[in-house]
Amino acid sequence: MDIGGIRYRLHGIDAPEAGQACSATGGGTWPCGRDAIRQIEDLVQGRDVTCEPKGRDTYGRVIAVCFADGSEINSAMVRAGLAWAFRKYSEDYAQIEQEARQAQVGVWQAETETPWDYRASKWASAVSQSPNQACPIKGNVNRQGERIYHAPWSRDYAKTKINTASGERWFCSEDEAVSAGWRPPMWGR
């Protein structure tokens with residue numbers, strides 16, 4: 001989430017990536033990444049949003065527990081089945097995840113890939129296809145001259161082409177892209 005020029009990563013949870021699809025009840029898939037973005041937008045739109053910082057991640061984003069009009073956003077995303085408890089870093093939302101799982105809501109309606117496995121799979125595939133077999137992040141310059149990087153799990157990754165003659169480039173990590181002054185793509189409203 002970006003609030004007042006600060007990029008926040010919600011503590012203790014991991015939501016589907018923007019381009020990720022999840023398995024649906026009875027077969028097929030649904031756009032869980034897009035639905036997670038819409039859910040968070042609905043939770044914060046037109047509300048007073050505050051965040052309690054808990055530290056920073058390796059990309060410089062503030063890790064925080066955030067609230068919209070006093071209601072906690074982190075737990076609401078897990079409760080709706082639109083985020084996993086990110087147990088690698090915290091057990092804070094494990095019980096809420098268990099309740100969502102039992103209710104079979106959102107990502108729990110059918111067996112589906114976690115966002116961390118989705119990212120790892122996309123990364124491995126992109127590495128094998130990148131020009132130097134190591135740095136698959138695409139640094140793109142849009143029509144407005146903004147420098148935006150696309151990680152392999154980004155929604156527009158496949159259709160983004162790199163033209164090094166126009167200043168576009170490849171990165172080996174998101175941290176490298178951010179340090180060079182590039183930003184991730186924005187999704188949602």
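**Salt bridges in the predicted model**

With a relative accessible area of 39%, D2 is partly exposed. In this predicted model, D2 is the salt-bridge partner of R7, and the closest N and O atoms of the two side chains lie 2.5 Å apart. R7 likewise counts as partly exposed, its relative accessibility being 25%. Side chains of opposite charge can pair when their charged atoms come close. A search of the whole structure returned 12 salt bridges, including the pair formed by R7 and D2.

A further salt bridge involves E17 and R119, for which the closest N and O atoms are separated by 2.7 Å. E17 is located in the loop between β3 (13-14) and β4 (22-23), whereas R119 belongs to helix α4 (residues 115-129); the pair therefore ties together parts that are 102 residues apart in sequence. Both partners fall under the 20% limit for burial: E17 is buried at a relative accessible area of 13%, and R119 counts as buried at 17% relative accessibility.

Within helix α1 (residues 32-44), D35 and R38 are 3 residues apart and are thus separated by about one helical turn. These residues form a salt bridge with a distance of 3.6 Å between the closest N and O atoms. D35 is partly exposed, with a relative accessible area of 25%, and R38 also counts as partly exposed, at 42% relative accessibility.

Note on methods. Residues are numbered from 1 along each chain as its sequence is written. This is a predicted model: local features need pLDDT of at least 70, side-chain atom pairs count only at pLDDT 80 or more; totals for chains, interfaces and linings use all residues. Side-chain values use heavy atoms; hydrogens and water are left out. A salt bridge is a side-chain nitrogen of Lys or Arg within 4 Å of a carboxyl oxygen of Asp or Glu. Buried means under 20% relative accessible area, exposed over 50%, partly exposed in between (1.4 Å probe, protein chains only). Helices (H or I, at least four residues) and strands (E, at least two) are DSSP runs, numbered from the N terminus.
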